[in-house]
Amino acid sequence: MKSALRTFEVLELFAERRTPLPLHEIHSTLGYPQSSTTALLKSMVMKGYLNYDRDHRTYLPTTRISELGNWLPDYIQAQGGYRELVEELQRRTDETVALITRNDLFIQYIILLTPAHEFQMAPQVGAMRKLVDSSAGLSLMARMDDRAIEKLCRYSNAYHASDSARVSYAQIMRDVEHVRQVGYAYIPHRPTPAVSSITMALDADLGGVPLALGVGGLAERIADRKDAIVEILRDLTASFRPAAR
């Protein structure tokens, strides 16, 4: 199990650095023993997921990695009209919009569209953020029972051990109760002071996975149009029915 987790962490390191990496940089950055890192990288080379350059003594992922998931965008976007829903939200708000799902302790952006104007700071498709530290996470947690939220907070605090990353269950529940009352989550100035987002959970899922619809952009723009954006989200989420496939 540990070996499988480390495999993904190695691939995530390459996704972050976007350059060939030597052995010492991989094991020192990830905090792995050199011997087990060597064995792991050798195994990944043998299975065709990494390429080893003997001249420069560096590793680089092969295109086989991208082939593992290259079917997913078409699958997701072909399901039930979700792509059309996001396109309509983008047309009506002229901001960055996304279809977001829960992925364990995180939220993940699975469809994302950006406006033509320059006032945007969009994440990448596939990017993840902590469930307990995002407006989409609050929207999704508002549909969960309190006991499940308490467990999620404990797991999140155990996963993110540093004090700065820990969350208060009491504060999370205050935020969740507010979302339950108003029907949407609005988090200004996060994940950076310049950005804000508004999200609503959908009464639909993707293969049993809960979904949320979100609008994000520069904080001042979102604040100025907050009421209008909320009304657009309410209209689209209330009228959306996933098409049968």
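Here is a short tour of a predicted model, one selection at a time.

**The sheet.** Start with the strands of the open sheet: there are 6, in the order β6-β5-β4-β9-β8-β7, and their pairing is antiparallel. At the edges you will find β6 (128-130) and β7 (185-187), each of which pairs on one side only. Ignoring direction, neighbouring strands here are turned by 30° against each other on average.

**Into the sheet.** Next, select residues 96-103 (β4) and 106-113 (β5), antiparallel strands joined by 7 bridges. Pick out Val97 and look for Leu113 in β5, its bridge partner.

**A loop residue.** Move on to Val167, in the loop between α8 (146-159) and α9 (169-182). Show its surroundings: leaving aside residues up to four places away in sequence, Val167 touches Val132, Cys153, Asn157 and Ile172.

**Aromatic rings.** The model has 2 aromatic pairs to visit. Tyr52 and Tyr59 form a tilted one, 4.7 Å centre to centre with 35° between the planes. Tyr52 is partly exposed, at 29% relative accessibility, while Tyr59 is buried at 9%. Then select Tyr82 and Phe240, also a tilted pair, with 5.3 Å between centres and 50° between planes. This pair links distant parts of the chain, as Tyr82 is in helix α6 and Phe240 in the segment after α11, 158 residues apart. Tyr82 is buried at 2%, and Phe240 is buried at 13%.

**Last stop.** Finish with Arg6, whose charged end sits over the ring of Tyr32, 4.4 Å from the ring's centre.

How values were computed
Residues are numbered from 1 along each chain as its sequence is written. This is a predicted model: local features need pLDDT of at least 70, side-chain atom pairs count only at pLDDT 80 or more; totals for chains, interfaces and linings use all residues. Side-chain values use heavy atoms; hydrogens and water are left out. Two strands pair if DSSP finds at least two bridges between them. Helices (H or I, at least four residues) and strands (E, at least two) are DSSP runs, numbered from the N terminus. Axes are lines fitted to C-alpha atoms, for helices over the stretch in contact, and angles run from 0 to 180 degrees between N-to-C directions. Contact means heavy atoms within 4.5 Å. Rings of Phe, Tyr and Trp (its six-membered ring) pair if their centres lie within 6.5 Å; planes under 30 degrees apart count as stacked, over 60 as edge-to-face and the rest as tilted. Buried means under 20% relative accessible area, exposed over 50%, partly exposed in between (1.4 Å probe, protein chains only). A charge sits over a ring if NZ of Lys or CZ of Arg is within 6 Å of the ring centre and within 35 degrees of the ring normal.
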